[in-house]
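This briefing covers a surface patch and a set of charged pairs. The sequence and model are shown below.

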Amino acid sequence: MSSTLENQLARADVQEVGMPQRTLTTWKIVVLILAALTPMSVVMATLPLGLAFGGPSSALTYLIAGAIIGLFCIGYAEMVRQISRPGAFYSYIARGVGKPFGVGASMIAVVGYVSGCLGSFAVGSAVIGETVTSLGFDLSWQMSLVGLVAFVGIMVWNQIDFSAFVGGVIVLCELLLIAALLFGIANLHGAAAAFSPAVIHWDVFQYGNWHVAFIFSFLVFQGLEAGALYAPETKNPEKMIPRALAISVTILSLTFFLVSWTLVSFASPQTLMDQVLSQQIFGFIIGAIQASLGETGLLLFGIVTILGVMICNLAVVNFMARYLNGLAGDRILPRYLAKLNSNGAPSNAAFSLIGISCAVIVLAASFGISPYSQLSPIGFGIAAISGTSLLILSSFAVIGYFMRSKKSQGHWWKTYLAPALSIVLLTAAMYIELKGFNFITGMEAAWSNYLPYSVLAAFIFGLLYALYLKKNKAKIYKHIAAGDNMEEVMRIRQEHH
């Protein structure tokens, strides 16, 4: 093939990849973040697990976990202000620590995000099926999965604004119902009893297993930092994304803190774990809703839970697809994943994620492996370790970037001290996660303890792949994470081709 023809095809390929439309604002990003972390699903599923196996310290551990993530976001936001190109984690780590580490981190993210997407669809189909059945309609998880895939597929094809609008309505309903639950419990027991001071006293750490409570609390914030992945589609990413991160972590921390505070007060710290377990965990939260809001409230919670699960899966695919799309744009992953459709959406990456998730779920089910109780815990477990690893590496990247950067720098507290403190705290969080990994996966089998090594293997593979690119494909290696914003990235890719 002549070099002229090759250049023409390369330019056409860049044009087909396309430039995303900048339509997102601060509140739209907040909605997309909250939709992925789905407050209602946490209240209905994750929070009761933390109460059952962790105990009454859950209220305080939500504040502690939120504070750690908030501290991380201080330095992370400074990176967003400097670099708004696609890739987020991968780009920041490549620019702050080095390209081999950036590619290594990208492989951690691929493993973690694909695992998380798999777990999300597995849990989503099961929760929708069980909730609809509880409302009097028979619906299998298989049919739920078909409906969920159809919904997500249609939505991801459209412009991200549409997802933000639909997600905004559902997230607002979630927060209003959660607020209604708080007022309902306070009205039933009195404000003083519903918000007992004993629940937020350090003495609660002597009951139950505080490290398990922390694991479940920390898990609900996994993915919050993905707001930076929307930078290429944000009107003013340098200002709007940092604001969105701060607003999101504040809303989530306060919501989960207040709900867990009232639920623990509802049961009393000393007897909480026994009461939750005696009601088969989820019966505890159902009982609290029924007692506080009646049958109508329970019905509304059921309906909004279904909608919340649907929008959660949509948000998960949205941000994970944008990550794969960014990597493919830099030739780290196949170029097929870099293409955008006519709406500016990374549909190829999105449909690839959906296809892989469904294929694994169906294959697992054909071998008698439960997608909900066996497959999804593995997916979420790997995603949790991957996510924390990326947070640690990103904190190192903030320090490294500003030590070498000649640009105007933020305050030393934001660019050095906050990231350094977050490294220490996130490393401690990682240690707790690894020690309690069986609580994340719900598995006691000895082999499950080796699952975190898949994250290390992915990182090593990425490092080796980067060295291969450096030696054999110097042009690709040179342009890894090049350009500070989407406009610069597109210009570099045009020149490169």
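Where is the place of Trp447? Trp447 sits in the loop between α17 (437-441) and α18 (453-472); helices here are DSSP runs of H or I with at least four residues, numbered from the N terminus. This is a predicted model, in which local features need pLDDT of at least 70 and side-chain atom pairs count only at pLDDT 80 or more, while totals for chains, interfaces and linings use all residues. Residues are numbered from 1 along each chain as its sequence is written, and side-chain values use heavy atoms, with hydrogens and water left out.

**Nonpolar patch**
- Trp447, Tyr450, Tyr453, Leu456, Ile460, Leu464 and Leu467 make a nonpolar surface patch of about 800 Å².
- Patch residues have over 30% relative accessible area and no salt bridge, with nonpolar side chains (Val, Leu, Ile, Met, Phe, Trp, Tyr) joined within 5 Å and like charges within 9 Å.
- Trp447 is partly exposed, at 46% relative accessibility (buried is under 20%, exposed over 50%, partly exposed in between; 1.4 Å probe, protein chains only).

**Salt bridges**
- The structure has six salt bridges (a side-chain nitrogen of Lys or Arg within 4 Å of a carboxyl oxygen of Asp or Glu).
- One of them joins Arg85 and Asp330 at 3.1 Å, N to O.
- Arg85 lies in the loop between α4 (58-82) and α5 (89-96), and Asp330 in the loop between α13 (282-329) and α14 (347-366), 245 residues apart.
- Both Arg85 and Asp330 are buried.
- Glu233 pairs with Arg322, with the closest N and O atoms 2.5 Å apart.
- Glu233 is in the loop between α10 (210-219) and α11 (237-267), 89 residues from Arg322 in helix α13.
- Glu233 and Arg322 are both buried.

Note on methods. Accessible areas come from the Shrake-Rupley method with a 1.4 Å probe; for residues, only the protein chains shown count as cover. Helices (H or I, at least four residues) and strands (E, at least two) are DSSP runs, numbered from the N terminus.
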